[in-house]
Amino acid sequence: MARTGKSFAVSMITVCQLMALALWFSATAVLPQLRAEFDLGAVQSSLFTSSVVLGFVLGTVTSAVFGLADRIEPRRFWAASAIIAATANILILTVPVDGVLVIVLRLVTGVCMAGIYPIGMKMVATWARGDTGFLVGLLVGALTMGSALPHLFSVAVPLDWRLVIVAASVSAYVAGIAVLFVQLGGTPGKSPRFDPRMVGQIWANKPLRHACYGYFGHMWELYAMWGWIGLFLYGSFSDRLIENPGVWSALSTFAIVGVGAFGSLAGGYFADRIGRTTVTIAAMVVSGACAFVVGTFDGAPFAILLAVCIIWGISVVADSAQFSSCVIELADPHQVGTALTLQNAIGFLIALVSIHLVPVVADHFGWWGAFAMLSIGPVLGTIAMVRLRLMPEAIRLAGGKR
């Protein structure tokens with residue numbers, strides 16, 4: 001029997017989301033061990049993260065085109081997605097880690113993420129009573145903390161990287177069962193459908209186009225930073241001859257990525273009060289500056305390096321939910337579903353490029369060059385959001401607060 005009460009239900013959805021989304025970076029978190037044991041190259045290492053991203057794009061577009069979120073009861077959809085994703089993740093232990101099948105399994109995991117993250121949003125929205133912004137920020141925070149969780153697993157079970165994969169899968173299995181016992185706050189609204197005939201109309205909408213440009217710059221930086229900051233820290237700690245560099249880099253990465261959850265909540269809180277372009281511009285200026293300089297702190301005192309990385313971890317995701325909010329507020333109501341699908345699909349495809357470029361640039365120009373390259377995204381995103389802020393249509397953002 002489902003438990004009642006908004007606080008309980010929203011808390012359960014958030015915790016389940018956090019536990020299942022640990023699958024996203026479960027393999028990425030143990031890349032230092034995998035590279036040492038299997039001599040993985042830069043491309044193969046990148047695919048452990050980028051194949052999940054590509055799968056998420058495929059899953060999101062498929063779900064939007066066929067209206068799966070409306071055809072399948074959301075708790076069952078979410079639970080099935082989590083269980084299939086957990087199974088694909090744990091099957092990594094049965095195939096060669098340096099082969100093609102492991103990448104296919106990571107792709108399947110990504111496809112299933114499209115039934116977890118967006119559907120979690122849909123479920124929590126049934127409890128919204130004038131606090132949608134906060135609830136969306138809460139779910140983005142769960143995404144962020146879930147992405148950090150595998151790094152904590154790698155410290156809790158440091159003897160074998162395989163145990164990290166098992167821990168992430170078990171976490172998702174438990175979440176998939178638990179979510180079935182959560183009561184919704186009402187009948188979920190219909191998800192806006194994707195209509196390819198609207199793409200031209202949406203792209204002709206100048207304010208909406210600039211909101212998407214801002215998001216694209218954000219995505220160029222975000223997942224590449226999340227995917228590679230752990231390996232950067234592992235190398236930095238190893239160079240310092242610190243005892244147990246793997247443990248220290250995993251703990252640091254958990255803190256850096258996980259603290260972004262608080263950045264997401266703060267971003268949503270302030271965006272509703274001082275304006276969406278204000279928050280997105282400020283966040284991208286800070287994160288872009290961190291991306292540009294963090295590589296130069298490779299040999300700096302530990303405390304300084306960690307402080308810069310934590311500031312980066314907060315700012316890199318503080319604006320994330322606000323780009324979707326901009327699209328919802330700027331698009332014609334009947335175009336919202338197509339606009340959001342288009343924004344997310346292109347944004348995650350852009351992330352694929354930056355994820356693969358980071359190790360290539362790092363091999364030639366070091367970590368400073370690789371992370372400085374990521375700063376290009378927030379620079380261009382900031383320009384786009386400044387231009388949007390100056391448009392008359394920006395008055396529709398955040399109740400007129402731009």
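Colleague: Is V108 buried or partly exposed?
Modeller: V108 is partly exposed, because its relative accessible area is 31%, and buried would require under 20%. Bear in mind that this is a predicted model.

Colleague: Which helix is V108 in?
Modeller: V108 is found in helix α6.

Colleague: What patch is V108 part of?
Modeller: V108 belongs to a nonpolar patch on the surface, together with I84, V100, L101 and V104. The accessible area of these residues together is about 430 Å². Helix α6, residues 100–113, gives the most to the patch, with four residues.

Colleague: Next, P118. Where is it?
Modeller: P118 is in helix α7, which covers residues 117–125. P118 counts as partly exposed, because its relative accessibility is 31%.

Colleague: What does P118 touch?
Modeller: Not counting residues up to four places away in sequence, P118 touches F56 and M113. As for T60, P118 is 58 residues from it in sequence and 8.4 Å from it in space, C-alpha to C-alpha.

Colleague: And T253, buried or exposed?
Modeller: T253 is buried, with a relative accessible area of 0%. T253 has its place in helix α12, residues 245–258. Leaving out residues up to four places away in sequence, T253 touches H151, I229, G230, L233 and G258.

Colleague: Moving to the inside: how many residues are in the largest nonpolar core?
Modeller: The largest nonpolar core has 121 residues, and those with the most contacts inside it are W24, W78, Y223 and W312. Helix α11 gives the most to this core, with 18 residues.

Colleague: What is W78 in contact with?
Modeller: Leaving aside neighbours within four places in sequence, the contacts of W78 include C16, Q17, A20, G115, I116 and V179.

Colleague: Last one, α14. What span should it have?
Modeller: Helix α14 has 18 residues, 276–293, and at 1.5 Å a residue it should span 26 Å. The C-alpha atoms at its ends are 26 Å apart, so the two values agree.

Colleague: Which residues of α14 are buried?
Modeller: Among them are R276, T277, V279, T280, I281 and A283.

Colleague: What covers them?
Modeller: The cover over the buried residues of α14 includes α11 (206–239), α13 (260–274), α15 (302–318), α16 (320–330), α17 (336–374) and α18 (376–389).

How values were computed:
Residues numbered from 1 in each chain as written. Predicted model: local features only at pLDDT ≥ 70, side-chain atom pairs only at ≥ 80, totals over all residues. Heavy atoms only, no water. Helix = DSSP H or I, 4+ residues; strand = E, 2+ residues; numbered from the N terminus. Expected span 1.5 Å × (residues − 1). Buried < 20%, exposed > 50% of the residue type's maximum accessible area, 1.4 Å probe, protein only. Contact = heavy atoms within 4.5 Å. Core = buried A, V, L, I, M, F, W, Y, C linked by side-chain atoms within 4.5 Å. Patch = residues over 30% accessible without salt bridge, like charges linked within 9 Å, V, L, I, M, F, W, Y side chains within 5 Å. Areas by Shrake-Rupley, 256 points an atom, 1.4 Å probe, with all protein chains shown as cover. Salt bridge = Lys/Arg side-chain N within 4 Å of Asp/Glu carboxyl O.
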